[in-house]
Amino acid sequence: MTAMRGGVGNAYIFTRTGRGADRARRREVVIRAARDAFVDHGFHGASMEEISVRAQVSKPVLYNHFTGKVDLYSTVLQRYLDHMVVRIGDALRTTTGYENKARRMVSAYFDFVDEDDGAGYTLVFDTPVPSEPSVERRVRIAMAECAALVAAELDAVGMDPFRARACAFGLVGASHLAARYWFDAGRPIPKVDAVDTTVALFWTGLSGLG
């Protein structure tokens with residue numbers, strides 16, 4: 001009898017686990033479909049109906065996973081923001097020498113803007129949702145996290161904390177703006193040349209700071 005109860009219990013656990021995995025898979029399909037719709041049409045142009053069609057799920061199922069379009073957009077956006085921050089952290093952590101670190105950081109921004117045919121760049125920087133403060137806040141927090149990573153490297157070599165953070169925000173801001181210009185201009189020069197140009201600007205300035 002005990003064995004039978006155990007068997008039934010295990011079957012119940014397996015059923016719940018299977019349902020949870022199915023739900024996670026459906027959610028992932030919805031997120032991918034939403035990403036494509038937002039990239040193609042922007043936040044305002046994409047509709048929940050189109051996303052449900054792309055994901056091949058009903059609208060009730062869609063709303064079972066997300067409360068609305070802002071919730072779905074924020075989820076897609078946060079994935080790209082997290083990926084951007086991880087890229088910067090990895091670039092700084094896996095490189096020695098500060099000029100090399102600067103180069104890897106700049107390269108990370110250019111790679112982020114360039115990869116996936118610009119999908120991350122489009123979602124993070126090119127389709128703002130000004131009517132939704134939470135979206136702008138997510139982007140601002142991610143950029144601050146990237147700057148904090150750079151500032152920690154400058155702190156480590158003894159730069160004054162305020163100057164370190166001011167330089168870090170300048171480096172981060174200029175990096176993503178340079179990368180965006182390069183992408184928007186149609187990649188007019190090889191990416192490595194664009195990175196070299198941006199790094200030369202940074203390094204000349206940083207090398208003069210005490």
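**Entry 1. Core**

I took a nonpolar core to be a set of buried Ala, Val, Leu, Ile, Met, Phe, Trp, Tyr and Cys residues joined through side-chain atoms within 4.5 Å. The model I examined is predicted. Its largest nonpolar core holds 55 residues, and I noted that Phe38, Ile51, Leu72, Met84, Met105, Tyr109 and Val124 touch the most other members. I then listed the helices that each supply at least two residues of this core, among them helix 1 (2–45), helix 5 (98–114) and helix 7 (133–156). Helix 4 gives the most, with eleven residues.

I looked up leucine 72 next. Setting aside neighbours within four places in sequence, I found leucine 72 in contact with Val30, Ala34, Phe38, Met48, Ile51, Leu62 and Phe66.

**Entry 2. Helix 8**

I checked the span of helix 8: its 24 residues reach 34 Å from the first C-alpha to the last, close to the 34 Å expected at 1.5 Å a residue. At its N-terminal end I found a cap by aspartate 160, with a side-chain oxygen 3.1 Å from the backbone nitrogen of phenylalanine 162. Buried residues in helix 8 include Ala164, Cys167, Ala168, Leu171, Val172 and Ser175. An α-helix has 3.6 residues a turn, so residues three or four places apart point the same way.

**Entry 3. Positive phi**

Just after helix 8, I recorded a positive phi of about 90° at glycine 186. Arginine 187, in the loop between helix 8 and helix 9, has a phi near 55°, a positive value in a residue other than glycine. I also noted glutamine 56, with phi near 60°, in the loop between helix 2 and helix 3 (59–65). Glutamine 56 counts as exposed because its relative accessibility is 74%, over the 50% cut-off.

**Entry 4. Salt bridges**

I counted 15 salt bridges. Side chains of opposite charge can pair when their charged atoms come close. Which residue pairs with aspartate 111? I found lysine 191, the closest N and O atoms being 2.8 Å apart. This pair links helix 5 to helix 9, 80 residues apart.

Arginine 187 forms a salt bridge with aspartate 114, at 2.6 Å between the closest N and O atoms. Aspartate 114 lies in helix 5, 73 residues from arginine 187. Is aspartate 114 buried or exposed? I noted it as buried because its relative accessible area is 18%, under the 20% cut-off. Arginine 187, at 35% relative accessibility, counts as partly exposed.

I also looked up aspartate 155 and arginine 165, whose closest N and O atoms are 3.1 Å apart. They link helix 7 to helix 8. Finally, I traced salt bridges with shared partners, which join Arg87, Asp111, Asp114, Glu115, Arg187 and Lys191 into one network.

Key
Residues are numbered from 1 along each chain as its sequence is written. This is a predicted model: local features need pLDDT of at least 70, side-chain atom pairs count only at pLDDT 80 or more; totals for chains, interfaces and linings use all residues. Side-chain values use heavy atoms; hydrogens and water are left out. Buried means under 20% relative accessible area, exposed over 50%, partly exposed in between (1.4 Å probe, protein chains only). Helices (H or I, at least four residues) and strands (E, at least two) are DSSP runs, numbered from the N terminus. Contact means heavy atoms within 4.5 Å. The expected span of a helix is 1.5 Å times one less than its number of residues. A polar contact is a pair of N or O atoms within 3.5 Å; within protein, one must be able to donate a hydrogen and the other to accept it, and residues adjacent in sequence count only if both atoms are side-chain atoms. A salt bridge is a side-chain nitrogen of Lys or Arg within 4 Å of a carboxyl oxygen of Asp or Glu.
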